[in-house]
Amino acid sequence: MTSVVLPSEAMRTRLAPQLGDTAATVWTLGTDAPFPGPADLLVLPYMIPAAELGRLNGLPVALVQSQTLGYDGVAEHLPAGITYCNALEVHESSTAELALALTLAALRGIPAAVRDAAEGRWAHRRRPGLAGKRVVLVGVGGVGAEISRRLEPFGVELVRVARTARADVHGIDELPALLPDADVAIVAVPLTAETRHLVDARLLAALPDGALLVNVSRGEIVDTDALLGELTRGRIVAALDVTDPEPLPPGHPLWTAPGVLITPHLGGDTDAMDARIDRVVLEQLRRLRAGEPPLNLVFDADRADA
């Protein structure tokens, strides 16, 4: 019999009709409740910090299924002997939706209109539109591809950038030459040692006056101090679904910086998420029962760095 440990009673209720003879229990990593295992599959809570994975050390867990796409910090904290899989094809389209929403809202001045409306003020101002703008999209993976697909109907000049250059895609080393002509720069790359502070003071300075920076990946990819400098000078504007630090604490200067729109890491978290992650969990269980390799494998149990 296969055993699965789920992070919430709500997920167990949703999956119960399709679990067959799989033994399902509920336990949430990060709590002090005793572990109900052993578990062939443990589903993590959504957005749990990677450091919490260290609590699995010594527990009878074979495979961990994350509910997030990114896996920064996992290699440093995942105990040896546990396989780790991420949530591919769960968050890409929702994150792309938010990237587009942030871009349009920031360009068209929606945050200012909302503030004006709250004060009963009719304040007509001409704003930039998206059509005809040059958009530099940094990242062409799952999220980047979905952003690209949604931007194309808006009539933008789309410049795609990835780690290495290929047909119709520029290499990341070309960014300093591409950004001076960008109206909008959207960041959608995973956080790695190579991308931490990828958008640093030099790249921010390369953006032209009035450009919009959108970040839907990880906060650490942008140098917050350098960004604050550009925002405070009124040189560029920004729309951020992710920040560094995160959560952004009360009183942090980013909250009050001019020209910044902040959402609290909402990218992948829509009402479509439950059905998508449920499909991943059920497929993972099917594969376990069939003796097949796991779906969306990121770190194998016998990985060299475990």
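Reader: Which residues line the second largest cavity?
Author: A cavity is a set of points on a 1 Å grid over the protein atoms alone where a 1.4 Å probe fits but cannot get out, and lining residues have an atom within 4 Å of a point. Here the lining is Asn215, Gly219, Val222, Thr224, Leu227, Leu240, Val242, Thr243, Asp244 and Leu254. By class, that makes 5 nonpolar, 4 polar and 1 charged residues (Ala, Val, Leu, Ile, Met, Phe, Trp, Tyr, Cys and Pro count as nonpolar, Asp, Glu, Lys and Arg as charged, the others, Gly among them, as polar).

Reader: What should I know about the model itself?
Author: This is a predicted model, where local features need pLDDT of at least 70 and side-chain atom pairs count only at pLDDT 80 or more, while totals for chains, interfaces and linings use all residues. Residues are numbered from 1 along each chain as its sequence is written, and side-chain values use heavy atoms, leaving out hydrogens and water.

Reader: Which classes of residue line the largest cavity?
Author: Its lining has 9 nonpolar, no polar and no charged residues, including Val138, Leu175 and Ala185.

Reader: How are two packed helices described?
Author: By the angle between their axes and the distance between the axes. In this model, the axes of helix H3 (residues 92–108) and helix H5 (residues 142–151) come within 8 Å and cross at roughly 50° (axes are lines fitted to C-alpha atoms, for helices over the stretch in contact, and angles run from 0 to 180 degrees between N-to-C directions; helices are DSSP runs of H or I, at least four residues, numbered from the N terminus). H3 is therefore oblique to H5 (under 35 degrees is roughly parallel, over 145 roughly antiparallel, 65 to 115 roughly perpendicular, the rest oblique).

Notes
On a 1 Å grid over the protein atoms alone, a cavity is a set of points where a 1.4 Å probe fits but cannot get out, and a pocket is an open set with protein on both sides within 12 Å along at least five of seven lines; lining residues have an atom within 4 Å of a point. Helices (H or I, at least four residues) and strands (E, at least two) are DSSP runs, numbered from the N terminus.
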